[in-house]
Amino acid sequence: METMNPKQVKSISKFLSLVLRHKPETINISMDAQGWVSTDELIKKMNAKGKTLNLEMLEYIVENNNKKRFTFNENKSRIKANQGHSLTIDHGFKAVEPPEFLYHGTAIRFIESIQKTGLDKRNRHHVHLTSDLATAKSVGGRYGKPVILSIKAKVMHAQGFEFYCTENQVWLTEAIPVQFIEFPT
Ligand code: HQG
């Protein structure tokens with residue numbers, strides 16, 4: 001296969017995110033409780049919707065997607081999204097101890113509200129955090145002028161809050177009360 005161009009990868013990745021995180025019914029595909037769908041069925045049904053896709057292309061997307069959004073099972077007979085679902089999915093995430101600080105990138109215009117109520121999960125299943133400042137900055141920049149909040153993750157954990165780390169190194173937790181958030185001055 002020729003390498004796919006970045007535009008094509010982005011467009012198919014976006015559609016795959018829609019199908020695998022939010023609306024499998026878009027292509028009428030069945031999904032199990034853990035969020036897996038059949039790879040063959042996915043390819044067939046994507047093509048039926050006019051989205052040209054074969055196994056090689058799918059392998060390329062899983063491998064090269066900039067945020068490692070998708071995972072195959074061992075023999076590649078099934079595929080799922082790693083996180084970000086709005087569907088209720090049994091992730092089987094294991095709670096782990098976080099580093100002392102984790103970061104959350106947001107936009108300056110949200111700060112006033114966050115200072116009142118803390119961080120909440122909005123339309124997702126968790127608040128998303130990262131250990132990497134550059135990632136936090138680019139995540140925040142999607143919504144406006146970015147600002148990075150430092151989260152006292154270890155202190156939260158010591159007080160009984162659970163943290164999960166996905167295969168692609170996204171840290172997740174239910175909500176972050178304001179006392180655990182350090183706002184930049
Ligand atoms: C903000 C992308 C006001 C929150 C990224 C964020 C990430 C509040 C926005 C992943 C608030 C929600 C997740 C409050 C939270 N008042 N605003 N009380 N609490 N917010 O996109 O964390 O491309 O749902 O700060 O890489 O930005 O999907 O969450 O700005 O990992 O693979 O509400 O999405 O990955 O925005 O991003 P989002 P997020 P994917």
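1. Helix α4 supplies three residues to the shell around the ligand, the largest share. The elements giving two or more residues are β4 (101-107) and α4 (111-117); helices (H or I, at least four residues) and strands (E, at least two) are DSSP runs numbered from the N terminus.

2. This is a predicted model, in which local features need pLDDT of at least 70, side-chain atom pairs count only at pLDDT 80 or more, and totals for chains, interfaces and linings use all residues. Residues are numbered from 1 along each chain as its sequence is written, and side-chain values use heavy atoms, with hydrogens and water left out.

3. The ligand is surrounded by 18 residues, a residue being near if one of its heavy atoms lies within 4 Å. The closest are His104, Thr106, Ser113, Arg142 and Tyr143. By class, five are nonpolar, six polar and seven charged; Asp, Glu, Lys and Arg count as charged, and Gly is among the polar residues.

4. Polar contacts are pairs of N or O atoms within 3.5 Å. The side chain of Arg69 places an N or O atom 2.8 Å from a ligand oxygen. A ligand nitrogen lies 2.9 Å from a polar side-chain atom of Thr117, and a backbone N or O atom of Gly118 is 2.9 Å from a nitrogen atom of the ligand. The protein buries 90% of the 780 Å² that the ligand exposes when taken alone (Shrake-Rupley method, 1.4 Å probe).

5. An automatic or database assignment divides the protein chain into domain 1 (6-81) and domain 2 (102-182). Their centres, taken over C-alpha atoms, are 27 Å apart. Each domain contributes at least three residues to the ligand shell.

Notes. Polar contact = N/O pair within 3.5 Å; in protein donor to acceptor, adjacent residues only side chain to side chain.
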